[in-house]
Amino acid sequence: MRAIFLSTEFPFAPWAAEFRRAMPDLELRCWPDIGDPGTIEAALAWLPQAGALAALPNLRLIHVLGAGVDSLLRDPGLRAETPIIRLVDPGMTTAMGEYVEMQVLRLHRQQHLYREQQQEGVWRELPQPNAAERRVGILGLGVMGSEAALRLTVLGFDVEGWSLSGARLRGIPCHRGEDGLARLLARSEILVCLLPLTPATENILDAKLFAALPRGAAIINCARGRHLVEADLLTALATEQLAAAVLDVFAQEPLPPEHPFWRHPRIVVTPHVAAATNPKTAAPIVAAALRRFAAGEKLENLVDRARGY
Ligand code: NDP
Ligand code: OXD
């Protein structure tokens, strides 16, 4: 099989090395060294170069090198009939679980407040509820959200979620629809966003949503920057409707140096690293999908274009 590597962000060399091991018979080229475009059957894509997809007349499959497909679906060169597989890599799922656990524990144990006290040289003990008394809400209970929810449950937190289907997850109540969202928000002292970015979820983290949370709640956004209305977050922190925010993803990445989030005392910024794609673990997964495709077998983790994720 002949495939093309399309990425404005991921360097090619580590992927090429991993694919040589995982799939020695794959002829993997890197844009713009494309050869005869008509011979390329598959694209391995993360933020494809402008015009690249449109230039491949016989493309039969796209495998995304990440979990989210929002940027790929915006590519004007994408044809409606080309199947898209997204990356479901247990290594990334574990990483996301760790990130959410770490940030929820930080907020639960009030490290943001102790940090401020330390800077002012203040020795003051704050009330310390048990994990079982801390209500956490998770928006999106898919691959990443389920992992986060289950790990937090193991730590003893009182976890509930929200998803499109409302499918119940091993004892974790899951809400759906507008009413369900309102019920989840009303109880969530810490709210984690793990939704895909779609027209239905864009700007979901806005003033209306913040007002529906208990006063002094905290949010963690490790999904996409465009889920968040940035100005509304700054207002909610200024009025103390929200006590803190942890942000891993941003509308503009890298976050510009002058952006107010960098120096905000109640915002933790991490540079889109909650669950980074790792070529070592991802390449064998992508290779297995390409082999299934070549053998005409049923494909897994296909993106539903109508739903947008
Ligand atoms: P999944 O597709 O497995 O899960 C998506 C979840 O969101 C599902 O539970 C789905 O509901 C729910 N959902 C989708 N649309 C809606 C809606 N309109 N209303 C309510 N619920 C909705 O995705 P993943 O868990 O793999 O990943 C989630 C997102 O995390 C990715 O799209 C990506 O943006 C982000 N991400 C960020 C990373 C980082 O490093 N910061 C790394 C990896 C991913 P249902 O279960 O009913 O289908
Ligand atoms: C992803 C990401 O979607 O890293 O995989 O954000």
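Me: Arg-224 and Asp-70: buried or exposed?
Reply: In this predicted model, both Arg-224 and Asp-70 are buried. Buried means under 20% relative accessible area, exposed over 50%, and partly exposed in between, with a 1.4 Å probe and protein chains only. Asp-70 counts as buried because its relative accessibility is 9%.

Me: Before we go on, which conventions apply to the numbering and the values?
Reply: Residues are numbered from 1 along each chain as its sequence is written, while chains are lettered from A and ligands numbered from 1 in the order in which they are written. As the model is predicted, local features need pLDDT of at least 70 and side-chain atom pairs count only at pLDDT 80 or more, whereas totals for chains, interfaces and linings use all residues; side-chain values use heavy atoms, with hydrogens and water left out.

Me: What is Asp-70 in contact with?
Reply: Apart from its neighbours within four places in sequence, Asp-70 is in contact with Leu-197 and Arg-224; contact means heavy atoms within 4.5 Å.

Me: How do the side chains of Arg-224 and Asp-70 meet?
Reply: They meet in a salt bridge, with 3.0 Å from N to O. A salt bridge is a side-chain nitrogen of Lys or Arg within 4 Å of a carboxyl oxygen of Asp or Glu. Arg-224 lies in the loop between β10 (217-221) and α8 (230-238) and Asp-70 in helix α2, so the pair ties together parts that are 154 residues apart in sequence. Helices (H or I, at least four residues) and strands (E, at least two) are DSSP runs, numbered from the N terminus.

Me: How many salt bridges does the count come to?
Reply: The count comes to 18. One of them joins Glu-116 and Arg-266, whose closest N and O atoms are 2.5 Å apart. That pair links distant parts of the chain, 150 residues apart: Glu-116 is in helix α4 (residues 111-119) and Arg-266 in the loop between β11 (242-247) and β12 (267-269).

Me: Which residues are linked with Arg-2 in a network?
Reply: Arg-2 is linked with Glu-27, Arg-29 and Asp-33 in a network of salt bridges. Within it, the side chains of Glu-27 and Arg-2 meet at 3.1 Å, N to O. Glu-27 is in strand β2 (residues 27-30) and Arg-2 in strand β1 (residues 2-7), so this pair ties together parts that are 25 residues apart in sequence.

Me: Changing topic, which residues are around ligand 2?
Reply: They are Trp-46, Gly-66, Ala-67, Gly-68, Met-92, Arg-224, His-272 and Ala-275, each with a heavy atom within 4 Å of the ligand.

Me: Which side chain has an N or O atom 2.6 Å from an oxygen atom of ligand 2?
Reply: That is the side chain of His-272. A backbone N or O atom of Ala-67 lies 2.7 Å from an oxygen atom of ligand 2, and a polar backbone atom of Gly-68 is 2.7 Å from an oxygen atom of this ligand.

Me: And ligand 1, which residues come nearest?
Reply: Of the 29 residues around ligand 1, the nearest are Arg-86, Met-144, Ser-165, Asp-248 and Tyr-309. In the side chain of Arg-86, an N or O atom is 2.8 Å from an oxygen atom of ligand 1. Backbone N or O atoms also lie by oxygen atoms of ligand 1, at 3.0 Å for Gly-142 and 2.9 Å for Val-143.

Technical notes: Polar contact = N/O pair within 3.5 Å; in protein donor to acceptor, adjacent residues only side chain to side chain.
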